[in-house]
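Here is a short report on one model. It covers aromatic pairs, a sheet and a pocket.

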Amino acid sequence: MNCIIVDDEPLAREEMQAMIKEVSRIEILGKFSNAPTALNFLKENEADLIFLDIEMPMVTGLEFAAQLPRQTLTIFTTAYPQYALKSYELDAIDYLLKPIEKARLEKAIHKAEIYKKLLSDDTEKNVIEANTADFLLVKSDRRFHRINFGDIRFIEGLKDYVVIYTGSQKLITAMNLKTIHQKMPARLFLRVSKSYVVNINYIDSFDHRNIYLGTTEIPLGDVYRKDFFAVYSGGSLNPEE
C-alpha cells in the first residue's frame, strides 16, 4: 500500500512523514504543499491513500477530495473539528485532529489497509440474497450465511459499498446505505449520518455530535440529529441544547 501527503505547512508534512514511517510500512510516494500539484501527480501516478489537510490555499482539501477516483482512500488531517461531518460525506476513511497521536494514526492506517483489501478488484464481495423480519441471508464463497439483525452493531457506507459490523466480523456488500437500510427493521436501526446506520441497542452514550458504541465513535449528522433525539430519547431531549 502507498500514500501521498498533502499539507500547506512544511513542518506538518515532515512530521506526518516521520509518524507514518514509525507506525507502518506503507510507501510514501510524495509530499505536496497544495492540492493542484498533488492532482497533477495523480494524473500520472496512482496513490492508494492520501493524508489530506483541509484549509489550504487555492483548493481546499474537501474540494480536492471530491475530485478523487473511487478507489483512492482519504484520511483528513486538520486542526479544525468543524469539517468532520462533511469529510464523512466524502467517504473519508478517518478524520485526524492535529496534533495527531501516533496510536490514532496507526489505527487510521490499519483501517485504510483493511478497506483497501476489501475494495480490491480481486476480492470477492458478499451479496445480500434475501431478508426476513429477523435476519439477512448473505452469499459468500458459494454459501449462504445467516446474519441476525440483533447481531449487527452498525453499518458503514463506503463509496459504492457498505460494511456490516457484527461483534465478530466485517462483511462488505456491493450495495448503497439507503438500500440496505430499507431492508432493516425500523424499530432497531437508525440512519444517523450520510455514512452510518446504527443498531440502537448497542448505543452506550451520545452527545450532539457523536454516538458511542463501546470504543467506536460515530458522527451524528446535522440533518439526522433531530430524528435521532426524538426516537432514541422519546422526545425528552432537545437536540438544539
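Which residues form one aromatic cluster? They are F154, Y165 and Y196.

## Basis of the model

This is a predicted model, in which local features need pLDDT of at least 70, side-chain atom pairs count only at pLDDT 80 or more, and totals for chains, interfaces and linings use all residues. Residues are numbered from 1 along each chain as its sequence is written, and side-chain values use heavy atoms, with hydrogens and water left out.

## Aromatic pairs

Rings of Phe, Tyr and Trp (its six-membered ring) pair if their centres lie within 6.5 Å; planes under 30 degrees apart count as stacked, over 60 as edge-to-face and the rest as tilted. By this rule the count is 9 aromatic pairs. In one of them, F32 and F41, the ring centres are 5.0 Å apart and the planes stand at 45°, so the pair is tilted. F32 and F41 are both buried (under 20% relative accessible area; exposed is over 50%, partly exposed in between, with a 1.4 Å probe and protein chains only).

F149 and F189 make an edge-to-face pair, because their planes are at 70° with the ring centres 6.2 Å apart. F149 sits in the loop between β8 (143-148) and β9, and F189 in strand β12, so the pair ties together parts 40 residues apart in sequence. F149 is buried, at a relative accessible area of 2%. F189 is buried too, with a value of 2%.

## The sheet

Strands (E, at least two residues) and helices (H or I, at least four) are DSSP runs, numbered from the N terminus. Two strands pair if DSSP finds at least two bridges between them. An open sheet of 5 strands runs in the order β11-β10-β9-β13-β12, with antiparallel pairing. The edges are β11 (170-173) and β12 (189-191); each has a single partner strand, so one side of each lacks a neighbour in the sheet.

Strand β10 (residues 161-166) is joined to β11 by 4 bridges. I164 has L171 in β11 as its bridge partner.

## The largest pocket

A pocket is an open set of points on a 1 Å grid over the protein atoms alone, where a 1.4 Å probe fits, with protein on both sides within 12 Å along at least five of seven lines; lining residues have an atom within 4 Å of a point. Volume is the space filled by probe spheres set on the points, which are joined across faces, edges and corners. The largest pocket has a volume of about 850 Å³. It is lined by 28 residues, and Y88, D94, R104, K111 and E217 are the closest to its centre.

The largest share of the lining, 6 residues, comes from α5.
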